Amino acid sequence: QVQLVESGGGLVQAGGSLRLSCAASGGTFRNLAMGWFRQAPGKEREFVAAISGSGASTVYADSVNGRFTISRDHAKNTVNLIMISLKPEDTAVYYCGEGADGAMRARGGYAYWGQGNQVTVSA
């Protein structure tokens, strides 16, 4: 089964940047879509960004478009999320997932999830 290990979260001041990384291992099929979701206290997990299995397509939530960049390295089997111009409203637990190209924006399109990584943006 696929195991996803996240890293890179932490505390940053508003306007700063962070880089999240998610490493996938143990799976038979590893050229699948990968995405990032986040969940703030009291809210449901929401879509942030995703990249198709081939890496040819990327999609972003309107709230992060232009500030976040998702990329993948097939050789290392990792996906990264570079976050710049961070805002306090970006504070959340960030999760990476692996799923289907056809449902990259939907939580139900992902079969595996990482443990979650806390990102806190202070004002």
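Contact here means heavy atoms within 4.5 Å. With that in hand, let's look at Leu-81, which touches Leu-18, Arg-19, Leu-20, Trp-36, Val-48, Ala-49, Phe-68, Thr-69, Ile-70 and Tyr-94, leaving aside residues up to four places away in sequence.

A word on the source: this is a predicted model, in which local features need pLDDT of at least 70, side-chain atom pairs count only at pLDDT 80 or more, and totals for chains, interfaces and linings use all residues. Residues are numbered from 1 along each chain as its sequence is written, and side-chain values use heavy atoms, without hydrogens and water.

Leu-81 also belongs to the largest nonpolar core, a group of 32 residues in which Trp-36, Val-48, Phe-68, Ile-70, Leu-81, Met-83 and Tyr-94 touch the most other members. Strands that each supply at least two residues of this core include E3 (18-25), E4 (33-39) and E5 (46-51), and E5 gives the most, with five. Such a core is a set of buried Ala, Val, Leu, Ile, Met, Phe, Trp, Tyr and Cys residues joined through side-chain atoms within 4.5 Å; buried means under 20% relative accessible area (1.4 Å probe, protein chains only). Strands are DSSP runs of at least two residues, numbered from the N terminus.

Now to E5 itself: five of its six residues are buried, so the strand is largely enclosed by the rest of the structure.

| Hairpin | Residues between strands | Glycine and positive phi |
|---|---|---|
| E4 and E5 | six residues | Gly-42, near 80° |
| E5 and E6 | six residues | Gly-55, near 85° |

E4 and E5 pair in the antiparallel sense over five bridges, with Gly-35 opposite Ala-50 in E5. E5 and E6 (residues 58-60) are antiparallel over three bridges, and there Ala-49 stands opposite Tyr-60 in E6.

Key: Buried means under 20% relative accessible area, exposed over 50%, partly exposed in between (1.4 Å probe, protein chains only). Helices (H or I, at least four residues) and strands (E, at least two) are DSSP runs, numbered from the N terminus. Two strands pair if DSSP finds at least two bridges between them.
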